[in-house]
Amino acid sequence: MSSSATRFDRGHTDDLITFLTASPTPYHAVATAAGRLEEAGFRQVEETAAWDGTTGGKYVVRGGAIVAWYVPEGASAHTPYRIVGAHTDSPTLRVKPQPDSGAHGWRQVAVEIYGGPLLNSWLDRDLGIAGRLSLRDGTHRLVNVDRPLLRVPQLAIHLDRGANDGLKLDRQRHMQPVWGLGDDVRAGDLIRFLADEAGLDAEDVTGWDLMVHPVEPPAYLGRDRELLAAPRLDNLLSVHACTAALTAVATAGRPPAYIPVMAAFDHEENGSESDTGAQGPLLGTVLERSVYARGGTYEDRARAFAGTVCLSSDVGHAVHPNYAERHDPTHHPRPNGGPILKVNVNQRYATDGTGRAVFAAACEEAGVPWQSFVSNNDMPCGTTIGPITAARHGIRTVDIGVACLSMHSARELCGAHDPYLLANALVAFLK
């Protein structure tokens, strides 16, 4: 890679760090992405309003999900879409409906485990709290306490001599963070504190969706700063790349051959079954309404979907130097080796040979190297929004991503160049 490419690559990853820091929750990630789309000339459309068939960039926000698309000049009602899909949520600890708790002189916050986090990675770590406050008038306000506020304290080795031989954490009893001292636990304390942080009257707060997050900032790692350590790489790395790619294509001054789309869903980490998840109707509804707003018919909708391709972008596993036997012996994705093509013949990933050819063509167009990932036969792999998107909408879908270590940890690790390489591949695919 040339020195100029390296500088540009570092700039992209610097921007990813800014995005991650500004996005401790799905709601913040959506707001951050929407702000960048607005700067690129996109405009928000409300789902409750009538849509028109005008060209240009538009986006819809629903909770922790966002779908954005760009209709170029000359697009017909049956012009196919090129979609990049991702998800905004990450495994974490989420605040319960009655959050104020405590025992033995400690004040604590009651939390529920969200998704499948590596629980030990949340121990003895300085945590903030962020999310969405729902107000009496039906509006919402984002809140972010991005400073050390909570901590899940680990039991000292003196009281658990076998901890290093196999730590066993009870999800209910051992994962409740402390945030102060006192025997007088009072209902409403946490919400009063957060309302004050957000400049609100606590009496106006009638609901909340809150979660904790590590406050240690993302950082370059290694002798040559070739690695990136950060929270929420799964999967805000892809959301950032989607946003960057879509805005680049929309502002390039050359109409793309397809209608480029980014779809960032919530709730992937717990199955995608929600009105903002990939199992829900959000993406299909947006695509169909866009066809009909341009004067299309059901026949146009069918033609558009038949020619559509989706890249489902999510992180995957880099080969682990300490556990290489857990990986397939002939597939060892490496950091900074370019994006990975994820394959599973049992449809945990949606990639097939035709999809592989589409992805390979995009990488070749962008001058980006790429790698293949397949799980060890003795290690059943996870899944993504890819198979869901393919099955629900009848859209050819290809699963891709960036190779990382420590997936589902409070702090994950990837190659510092890979986010840039992924984004460039996405630009080539969308245009």
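**View 1. Strands at the second largest cavity.** S5 and strand S6 (106-114) each give at least two residues to the lining of the second largest cavity, where strands (E, at least two residues) are DSSP runs numbered from the N terminus. This is a predicted model, in which local features need pLDDT of at least 70 and side-chain atom pairs count only at pLDDT 80 or more, while totals for chains, interfaces and linings use all residues. Residues are numbered from 1 along each chain as its sequence is written, and side-chain values use heavy atoms, with hydrogens and water left out.

**View 2. Residues around the second largest cavity.** This cavity (a set of points on a 1 Å grid over the protein atoms alone where a 1.4 Å probe fits but cannot get out, with lining residues having an atom within 4 Å of a point) is lined by Asp100, Ser101, Arg107, Gln108, Trp179, Val185, Arg186 and Asp189. Its space is about 40 Å³, a volume being the space filled by probe spheres set on the points, which are joined across faces, edges and corners. The lining divides into two nonpolar, two polar and four charged residues, where Ala, Val, Leu, Ile, Met, Phe, Trp, Tyr, Cys and Pro count as nonpolar, Asp, Glu, Lys and Arg as charged, and the others, Gly among them, as polar.

**View 3. The largest cavity.** Of the two cavities of 30 Å³ or more in the structure, the largest has a volume of about 160 Å³. Among its 21 lining residues, Ser90, Pro91, Thr92, Trp122 and Arg232 lie nearest its centre. Strand S5 (92-103) and strand S10 (205-214) are the elements that give two or more residues to this lining, and S10 provides the largest share, four residues.

Technical notes:
On a 1 Å grid over the protein atoms alone, a cavity is a set of points where a 1.4 Å probe fits but cannot get out, and a pocket is an open set with protein on both sides within 12 Å along at least five of seven lines; lining residues have an atom within 4 Å of a point.
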